[in-house]
Each structure stands twice: as structure tokens, then as C-alpha cells.
Amino acid sequence: MNRFERFFKFAGVGAIATALHYASLLLLVELPVTTPVIATCVGYLAGAAFSYLANHRWTFDGRAEHGRAAVRYVGMLAFGFALNAAVVWILHDVAGLWYVAAQVASTGFGLFVNYAIASRWVYVQRPGRGAG
């Protein structure tokens, strides 16, 4: 599979993970089961778990060892979390852009950054090792 195809698989998994996050958020808040802050945390974790598993198995063909890839994935999530906050802060608080537009821009930027990290670091198979 070429990089172009892999990127679109990654983006598709991200779209589903984002939908899972928002669906969980809305469901838990509107029922009402919990507060928006707790609901978004639950949704974020649900989307992240789906994203890791789908990308490991489908996008990157299960070529990386799970233990190593999972630890690196958590690192990627932490970096992405901080990057998202920084981009939204710069675009909204500093530049005065509407917060929704700032979030959309951050999500688009994050897609490319996360793909670069995932494809070059998270899901890379160790030389001489089989898929995990």
C-alpha cells in the first residue's frame, strides 16, 4: 500500500473516532448521564481506543508490536493534546478567530502531524521482528 492510500485510511479512522467521541459526548450529556467534561473525557477515550486498534490492524497492517506501539500511541496523544490546545489558543485567544473555526483548523493540522508521528514512530515494526 502506498503512502497516499495509508493516509486516507488514517483519515477515515480519525473521522470515525471523532464521530464516536462526539456521539458519546452528546449521548452522555443529553440523557443526562453525566457532565459535559466527564462525557467528553469518556468520548475522547472511546475514540482513542478505537483509533489505536483500527490504525494498528487496518491502516498499518498490524506490523508493530502492540506493547511498544501502545506506549508510543499514548505519547502521540499527549503531544496531540498539547498541540491542539496551543493551536486553538493562538487562533482564538491571540488572533481572535471564532473558537469553532479555530478547532476545525487545529483538527486539520493535527491530522497531518498525527499521521507523520504514527507512520514514522508509533506503528513502525522493529527490524527483524514480526507483527504484533
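Here are some questions and answers about this predicted model.

Q: Why is Phe-7 called buried?
A: Phe-7 has a relative accessibility of 13%. Buried means under 20%, so Phe-7 counts as buried.

Q: And why is Phe-8 called partly exposed?
A: Phe-8 has a relative accessible area of 47%. Partly exposed sits between the buried limit of 20% and the exposed limit of 50%, so Phe-8 goes in that middle class.

Q: What makes Phe-7 and Phe-8 an edge-to-face aromatic pair?
A: The structure holds 11 aromatic pairs. In the pair of Phe-7 and Phe-8, the rings are 5.5 Å apart centre to centre, with 80° between the planes.

Q: Why does Leu-111 count as partly exposed?
A: Its relative accessible area is 25%. Buried needs a value under 20%, and exposed needs one over 50%, so Leu-111 lands in between.

Q: Where is Leu-111, and what does Leu-111 contact?
A: Leu-111 belongs to helix 4, which covers residues 99-122. Setting aside neighbours within four places in sequence, Leu-111 is in contact with Phe-7, Phe-10 and Ala-11. As for Ala-15, Leu-111 is 96 residues away from that residue in sequence and 9.9 Å away in space, C-alpha to C-alpha.

Q: How do you know that Ser-51 is buried?
A: The relative accessibility of Ser-51 is 11%. The buried class takes values under 20%, so Ser-51 belongs there.

Q: What does Ser-51 touch?
A: Ser-51 lies in helix 2. Not counting residues up to four places away in sequence, Ser-51 touches Val-13, Ala-17, Tyr-73 and Tyr-123. The C-alpha atoms of Ser-51 and Phe-10 are separated by 8.7 Å, and these two residues are 41 apart along the chain.

Q: What makes up the largest nonpolar core?
A: This core has 15 residues, and those with the most contacts inside it are Phe-60, Ala-69, Tyr-73, Met-76, Ala-118, Val-122 and Tyr-123. Helix 1, helix 2, helix 3 and helix 4 each supply at least two residues of the core. Helix 4 gives the most, with 5 residues.

Q: Which residues does Ala-69 contact, leaving aside neighbours within four places in sequence?
A: Ala-69 is in contact with Tyr-52, His-56, Ala-64, Val-122 and Tyr-123.

Q: Why is Asp-61 called partly exposed, and what about its phi?
A: Asp-61 has 44% relative accessibility. That value falls between 20% and 50%, so partly exposed is the class for Asp-61. Its phi is near 55°, a positive value in a residue other than glycine. Asp-61 lies in the loop between helix 2 and helix 3.

Q: Where does a cis peptide bond turn up?
A: A cis peptide bond joins Leu-31 and Pro-32, with omega about -20°. Pro-32 has its place in the loop between helix 1 and helix 2.

Q: Which residues form a nonpolar patch on the surface?
A: Leu-27, Leu-31 and Val-33 do, and together they have about 310 Å² of accessible area. Leu-27 is found in helix 1.

Conventions. Residues are numbered from 1 along each chain as its sequence is written. This is a predicted model: local features need pLDDT of at least 70, side-chain atom pairs count only at pLDDT 80 or more; totals for chains, interfaces and linings use all residues. Side-chain values use heavy atoms; hydrogens and water are left out. Helices (H or I, at least four residues) and strands (E, at least two) are DSSP runs, numbered from the N terminus. Buried means under 20% relative accessible area, exposed over 50%, partly exposed in between (1.4 Å probe, protein chains only). Contact means heavy atoms within 4.5 Å. Rings of Phe, Tyr and Trp (its six-membered ring) pair if their centres lie within 6.5 Å; planes under 30 degrees apart count as stacked, over 60 as edge-to-face and the rest as tilted. A nonpolar core is a set of buried Ala, Val, Leu, Ile, Met, Phe, Trp, Tyr and Cys residues joined through side-chain atoms within 4.5 Å. Patches are made of residues with over 30% relative accessible area and no salt bridge: like charges are joined within 9 Å, nonpolar side chains (Val, Leu, Ile, Met, Phe, Trp, Tyr) within 5 Å. Accessible areas come from the Shrake-Rupley method with a 1.4 Å probe; for residues, only the protein chains shown count as cover. A salt bridge is a side-chain nitrogen of Lys or Arg within 4 Å of a carboxyl oxygen of Asp or Glu.
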